[in-house]
Amino acid sequence: MNWFTRVRNNISWLPKRATEKDLWVKCPGCQQMVFGQEYAENMDVCPRCDHHGRIGADKRLAMLLDEGFETLPIPDVKEDPLKFRDSKKYTDRLKQARAKSPHKDAFLVGAGAIEGKPAVVGVQDFTFMGGSMGMAVGTAFCQGAERALTLRAPYIVVTAAGGARMQEGILSLMQMPKATVMTRRLKEAGLPYIVVLTDPTTGGVTASYAMLGDVHIAEPGALIGFAGQRVIQDTIREQLPDGFQRAEYLHKHGMVDMVVHRHDLRDTLATVLDYLAPAKAA
């Protein structure tokens, strides 16, 4: 604390200026301070280094879908079936996460259109317990797929997760085959299933529905993988190349079809839907 601040704080009658909490944003990429409004207007992409920040489910749906889309309610599931407790009760962790989120879990589905083309979009919200996949997420994913089947519309899923939710144990792992079955049903119905991989997409989500799409699109710089880089290095006893598990590296090696800037993502999805939309009956 410098002398001016000390003197100012000791003058009790001097009014203190209030500043908005989110007036400035520190970019995780270049570590520079960015004006909050400029950052938000640029779709949470740093205007200096182009780092793609993490965004919530509501904002993502509004970016991708045309106005007037319908948001499906998050399905009710049994909470804390294992009565799990680590340093905190699982129920307390859920309450804490819900206090910071407008939704009761980490997967939100919107039904509408992208540039006039019908689509159902599911979005995983990393801000809710790291986007972890539990029963609510798995059920919401399947609900979105069911809506796509009913509407005969493509299903687009935007992933962002640290993996399965450990507090639900084997019940969280059961969501992997459940979601896989739904992707098969979409394929059998001739409906496109498109995955947009955002930062980060890891663990059981990567091992299931995140890598089962007809087309895989990734945002620049997104971390995509199953196990962490340090775990892999310790297992194989080899140094991994620079950028390993990043979107650009995976695109170069064929695991991702394209890397698309967030500004171009909506137009790209509309183009892909044009190519993949089911043919109309004659």
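Which residue takes a positive phi in the hairpin of strand 4 and strand 5? In this hairpin, which has 2 residues between the strands, the positive phi, near 50°, belongs to Glu 115. The structure is a predicted model, in which local features need pLDDT of at least 70 and side-chain atom pairs count only at pLDDT 80 or more, whereas totals for chains, interfaces and linings use all residues. Residues are numbered from 1 along each chain as its sequence is written, and side-chain values use heavy atoms, with hydrogens and water left out.

The chain contains 11 helices and 9 strands; these elements are DSSP runs numbered from the N terminus, with helices (H or I) of at least four residues and strands (E) of at least two. Its C-alpha trace spans about 80 × 45 × 45 Å along the principal axes. Of the 282 residues, 44% count as buried, where buried means under 20% relative accessible area, exposed means over 50%, and partly exposed lies in between (1.4 Å probe, protein chains only).

Strands of a sheet pair through backbone hydrogen bonds, either parallel or antiparallel. In this model, 7 strands form an open sheet in the order 3-4-5-6-7-8-9, with mixed pairing. Strand 3 (70-72) and strand 9 (258-259) stand at the edges; each has a single partner strand, so one side of each is left without a neighbour in the sheet. Two strands are taken to pair if DSSP finds at least two bridges between them. Strand 3 is joined to strand 4 by 3 bridges, and the two run antiparallel; here Thr 71 stands opposite Gly 110 in strand 4. Strand 4 also pairs with strand 5 in the antiparallel sense, over 8 bridges, and Leu 108 has Val 123 of strand 5 as its bridge partner. In strand 4 (residues 107-114), 7 of the 8 residues are buried, so this strand is largely enclosed by the rest of the structure. Strand 5 (residues 117-124) and strand 6 (residues 155-161), by contrast, run parallel and are joined by 4 bridges. Across this pairing, Gly 122 stands opposite Val 157 in strand 6.

Patches consist of residues with over 30% relative accessible area and no salt bridge, with like charges joined within 9 Å and nonpolar side chains (Val, Leu, Ile, Met, Phe, Trp, Tyr) within 5 Å. A salt bridge is a side-chain nitrogen of Lys or Arg within 4 Å of a carboxyl oxygen of Asp or Glu. Asp 267 lies in helix 11 (residues 262-276) and is partly exposed, because its relative accessible area is 45%. A nonpolar surface patch of about 310 Å² is made by Trp 24, Met 33 and Phe 35. Phe 35 is part of strand 2 (residues 33-35) and counts as partly exposed because its relative accessibility is 32%.

Tyr 90, in helix 4 (residues 90-99), counts as buried because its relative accessibility is 1%. From Tyr 90 to Thr 139 the separation is 49 residues in sequence and 19 Å in space, C-alpha to C-alpha. Ser 172, in helix 6 (residues 169-173), is buried because its relative accessible area is 2%. Ser 172 and Ala 247 are separated by 75 residues in sequence and by 26 Å between their C-alpha atoms.

How values were computed:
Accessible areas come from the Shrake-Rupley method with a 1.4 Å probe; for residues, only the protein chains shown count as cover.
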